[in-house]
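I opened this model to look up its sheet, its salt bridges and its surface. My notes follow the order in which I checked things.

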Amino acid sequence: MGRTMEWAGREKHMRGIPRKMVFLAVGAFAKAVATLLNTTSVHNADTLIRLVRSRPPGIPLLTVSNHMSTLDDPLLWGFKGFPSLDAHLARWVLAAEDICFKNSVLTYFFRLGKCIPITRGAGIYQEYMNEALQCLNNGAWLHTFPEGKVSQEDAPIRRLKWGTASLIVRAHVTPIVLPMVHSGFEEVMPEKFFLDRRPPFPLCNKKIKIMIGKPLEFDIPKMRELAISKSRGDVFSSTTTSRGWPVISSYGLDLDEAAQRYLYSSISDEIQSAMEELRSSLK
């Protein structure tokens, strides 16, 4: 369903009017919940706002965060001073196909909201990932939840899925990677509120904390060379990869599955460490 309505996510669809209406409504909802009905504190908000508003032309932005509730997005962007009503500046975000794209009405709405469907379990080279990659190649802002699913436990950041790392490696221009960690949304929209179900509306009088880190820099050409060197002789090292992964050719280097696994793992570990450091600062 999501694939058939890709046209609804295009900026020029109906002159952009439906998209603007969605962001006005959803942005107002996010601000009401985050700033009026609850209390939100944000550390280092200026860095995020600056990168969203005025990063160099053509440089993509990739924000990553933990995933505490089904309302993390859009509530993450509802804090005071953030341009959450501006459809042009708004993020693209990866969203679960089985939740957000279940029927034609939801698909149209979430496509207007700059959401890209992801089929969980379909791997990092599924067709939808090419849409996410195109966003980065266009110099846009993309947000991902690299843990892959909602977890409302107060626990360390889980091992990250490799999809986010693969986007960083494959992007034409290496994106600015900005880690974020938050808490409180699990109380605003608990998974098990009454009879093991979520509440019909967001809860009030909760404290939301958002920690925004420093941009991470990845020297991808150098990391590619290291990955090839370290992965020689690996069981996954071959031209025909065991998972059907394509061989990536860039910067004059070919990356087979073994090199990709090493590279994606290295990048994911660095992002996870940065997120865990931010999580420790929340307390």
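These entries start with the ground rules and then go to the sheet.

**Ground rules.** The model is predicted, so I took local features only at pLDDT of at least 70 and side-chain atom pairs only at pLDDT 80 or more, while totals for chains, interfaces and linings use all residues. Residues are numbered from 1 along each chain as its sequence is written, and side-chain values use heavy atoms, with hydrogens and water left out.

**Sheet.** I looked up the strand order. Seven strands form an open sheet, ordered β1-β7-β6-β2-β5-β3-β4, and the pairing is mixed. β1 (39-43) and β4 (115-118) are the edge strands; each has a single partner, so one side of each lacks a neighbour in the sheet. From one strand to the next, the twist averages 25°. For strands, I used DSSP runs of E of at least two residues; helices are runs of H or I of at least four residues, and both are numbered from the N terminus. Two strands count as paired if DSSP finds at least two bridges between them.

I then checked one pair. β3 (residues 92-96) and β5 (residues 141-144) run parallel and are joined over two bridges. Valine 93 sits opposite histidine 143 of β5.

**Helices on the sheet.** Which strands does helix α2 lie across? Helix α2 (residues 45-54) lies across β1, β2 (61-65), β5, β6 (176-183) and β7, at about 135° to β6. Helix α10 (residues 257-282) lies across β2, β6 and β7, at about 35° to β6. Contact here means heavy atoms within 4.5 Å. Axes are lines fitted to C-alpha atoms, for helices over the stretch in contact, and angles run from 0 to 180 degrees between N-to-C directions.

**Salt bridges.** I searched the whole structure and found seven salt bridges. The criterion is a side-chain nitrogen of Lys or Arg within 4 Å of a carboxyl oxygen of Asp or Glu. I noted three of them.

- Arginine 120 meets aspartate 98 at 3.1 Å, N to O. Arginine 120 is in the loop between β4 and α6 (127-137) and aspartate 98 is in helix α4 (residues 97-100), so the pair ties parts 22 residues apart in sequence. Arginine 120 is partly exposed at 44%. Aspartate 98 is also partly exposed, at 48%.
- Arginine 111 meets glutamate 131 at 2.7 Å, N to O. Arginine 111 is in helix α5 (residues 104-112) and glutamate 131 in helix α6, so the pair ties parts 20 residues apart in sequence. Both arginine 111 and glutamate 131 are buried.
- Arginine 279 pairs with aspartate 154, with 3.2 Å between the closest N and O atoms. Arginine 279 is in helix α10 and aspartate 154 in the loop between β5 and α7 (163-170), so the pair ties parts 125 residues apart in sequence. Salt bridges with shared partners join Asp154, Glu276 and Arg279 into one network.

Is arginine 279 buried or exposed? Arginine 279 is buried, at 12% relative accessible area, whereas aspartate 154 is exposed at 64%. The cut-offs are under 20% for buried, over 50% for exposed and in between for partly exposed (1.4 Å probe, protein chains only).

**Helix α6.** Its buried residues include Tyr128, Met129, Leu133 and Leu136. Glycine 139 follows α6 and has a positive phi, near 80°.
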